[in-house]
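Reader: Can you walk me through this one? Keep it quick.

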Amino acid sequence: MKSLNLWPNPNGRILPRISTCPTLNLVYSVPPSPSSVRCHSSPTQLPLRCAVLGAGFAGLSVVWHLLKQSPKELQMRIDIYDEVGIGGGASGVSGGLLHPYSPKVKLLWEGAQCWKESMKLLRVAEEASVSKDCRTGESAEDMKAFVAHKRGILRPATDMKNMIKLNDNVKTCLPSCRVETLNDEEAQSLLPGVCLPFNTAFYMPEALNINSQHYLQALFQGCKNLVKESSTLESGHKQLSLHKRSVHRLSDFEGEYDAVIICLGAKVNMLPEISGRLPLRTCRGVIAHLELPDDMIGYPESGPSILSDAWISVQGPRSLKVGSTWEWKSINSLPNVSTDEATKALLELLPKASTIYPGIKDWVFTGARAGLRAMPPLTTLGSLPLLGCINDVIGRNHTCRYWLFGGLGSRGLLYHAWLGNLMAQAVLSCNEEVIPSELTSWKATEPKI
Ligand SMILES: Cc1cc2nc3c(=O)[nH]c(=O)nc-3n(C[C@H](O)[C@H](O)[C@H](O)COP(=O)(O)OP(=O)(O)OC[C@H]3O[C@@H](n4cnc5c(N)ncnc54)[C@H](O)[C@@H]3O)c2cc1C
């Protein structure tokens with residue numbers, strides 16, 4: 001990776017004008033301290049203005065990294081725009097399963113880096129969740145458990161061919177996210193009643209199961225904490241605002257910002273400047289929520305989540321999510337699920353889940369949620385997200401830089417932290433080359449839609 005040339009960049013940066021936007025819906029902003037007011041109003045140090053479109057995994061990761069990486073003396077204003085609010089898209093409904101492996105337990109492209117950065121961001125969220133502004137009376141440990149369930153994930157072998165492949169892939173697993181091969185007896189001791197069709201399962205003890213909504217709220221709190229810290233230091237004033245507002249076109253941001261970072265998930269293609277220009281497909285997924293009646297014995301305390309033809313994401317001893325369906329080409333991003341859609345999803349998911357965990361028959365359906373995935377093309381390295389400066393993609397002359405952070409597919413949790421870090425580096429240095437070419441090479445090929 002190239003060394004960074006952070007602010008000020010004599011070549012890349014467009015000097016900002018003072019904002020005249022009359023429609024700001026300010027939800028959060030720390031009042032400037034007297035010293036930062038002086039700095040803020042200095043004509044030679046105008047703030048760097050960034051708009052982050054979307055408050056899902058991608059948007060909040062890039063916000064946190066922008067705040068963290070920007071030089072202390074830099075004044076910066078970050079406006080987040082989301083029509084629903086924090087976690088309003090796929091991130092908020094996601095199953096929350098986090099590990100760096102393919103379904104065949106093969107380490108994914110840059111899996112080590114992605115895993116390391118995800119763990120760092122998770123710690124940020126956990127710390128923020130126990131900070132006094134977020135705390136709701138629970139103990140620090142309870143608040144951390146609120147963000148992530150650390151139960152591990154069990155991946156049963158589902159056919160003979162698959163088992164040989166899985167056994168092979170396990171050899172290259174990460175020391176920080178191990179994969180252990182378990183026989184039936186060992187699996188039973190973790191999860192009594194589990195059914196292994198080939199008497200073998202692959203167990204990832206460090207793999208996690210994140211409560212997406214709690215994680216995102218806590219990460220946003222982490223961002224607010226960084227802003228607050230900056231206001232108490234003798235440094236450039238940082239400002240962060242969340243605007244609950246729909247974005248209709250990129251041209252609305254022209255002249256108001258130095259950088260616009262587009263993190264709109266599967267709805268990115270609805271912007272007129274972008275529509276039809278990205279190689280993304282959409283795929284709706286439904287997740288069923290189940291609960292266990294009080295008179296039944298709960299899911300074991302250390303019982304793992306399960307990854308199979310359907311996955312089971314354990315939310316607590318009496319609460320599970322089962323997912324997910326794959327409805328390709330859907331453009332329905334609504335989280336609400338009709339009775340018909342839920343019935344269809346249950347008919348598909350429950351038989352798959354009960355093959356591995358027959359006990360699921362005792363659980364009661366309590367509701368369903370859905371999200372729309374933004375699926376990138378499959379490359380020789382796997383399905384990689386799409387990043388980069390897209391001024392050349394959207395054409396015309398622009399006074400600000402537009403950056404895309406999208407196509408997180410079904411692996412948003414694994415990718416968002418590292419790629420948010422890279423995106424922030426690229427924005428602050430006005431240099432796309434800090435992003436690995438594997439993530440920007442999509443721009444060289446015509447979209448096949
Ligand atoms: C059913 C399902 C289960 C999943 N399970 C997992 C899992 O277990 N593990 C995993 O790693 N990944 C999982 N994923 C994938 C993961 O959820 C996505 O990769 C991730 O959420 C993408 O994040 P994002 O920030 O790019 O998009 P999003 O989370 O969709 O965020 C986009 C944001 O932009 C906002 N927005 C959109 N359009 C506009 C507009 N015009 N104006 C203003 N705001 C707008 C939305 O409200 C939203 O908040 C799952 C996905 C689905 C659908």
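**Overall layout**

Author: The protein has twelve helices and 20 strands. Helices (H or I, at least four residues) and strands (E, at least two) are DSSP runs, numbered from the N terminus. This is a predicted model: local features need pLDDT of at least 70, side-chain atom pairs count only at pLDDT 80 or more, and totals for chains, interfaces and linings use all residues. Residues are numbered from 1 along each chain as its sequence is written.

Reader: What share of the residues counts as buried?

Author: 47% of the 449 residues. Buried means 20 or more other C-beta atoms within 10 Å of the residue's own; exposed means 12 or fewer, and partly exposed is in between, with C-beta atoms placed from the backbone.

Reader: And the largest nonpolar core, which residues touch the most other members?

Author: Leu219, Ile261 and Trp403, in a core of 130 residues. Helix H11 (residues 412-429) gives the largest share of this core, twelve residues. A nonpolar core here is a set of buried Ala, Val, Leu, Ile, Met, Phe, Trp, Tyr and Cys residues joined through C-beta atoms within 7 Å.

Reader: What does Trp403 touch?

Author: Leaving out residues up to four places away in sequence, Trp403 touches Ala259, Ile261, Ile262, Cys389, Ile390, Met423, Ala426 and Val427. Contact means C-beta atoms, placed from the backbone, within 7 Å.

Reader: Sheets next. What is the strand order in the open sheet of six strands?

Author: E9-E2-E1-E10-E20-E19, with mixed pairing. Strand E9 (238-243) and strand E19 (386-389) are at the edges with a single partner strand each, so one side of each has no neighbour in the sheet. From one strand to the next, the twist averages 15°. Strands pair if DSSP finds at least two bridges between them.

Reader: How do E1 and E10 pair?

Author: Strand E1 (residues 48-53) and strand E10 (residues 259-262) are parallel, over four bridges. Cys50 has Ala259 in E10 as its bridge partner.

Reader: Where does H11 lie?

Author: Across E1, E10, E19 and strand E20 (401-406), at about 175° to E20. Axes are lines fitted to C-alpha atoms, for helices over the stretch in contact, and angles run from 0 to 180 degrees between N-to-C directions.

Reader: Now the ligand. How many residues surround it, and which are the closest?

Author: 41 residues surround the ligand, and the closest are Gly56, Gly89, Gly265, Gly285 and Gly412. The cut-off is a C-beta atom, placed from the backbone, within 6 Å. Elements that each supply at least two shell residues include helix H2 (57-69), strand E11 (281-291), strand E16 (364-375) and H11.

Reader: What is the make-up of the shell by class?

Author: 17 nonpolar, 19 polar and five charged residues. Ala, Val, Leu, Ile, Met, Phe, Trp, Tyr, Cys and Pro count as nonpolar, Asp, Glu, Lys and Arg as charged, and the others, Gly among them, as polar.

Reader: Last one. Where is Pro103?

Author: In the loop between E3 and helix H4 (111-129). Pro103 counts as partly exposed because 13 C-beta neighbours lie inside 10 Å.

Technical notes:
Two residues are in contact if their C-beta atoms, placed from the backbone, lie within 7 Å.
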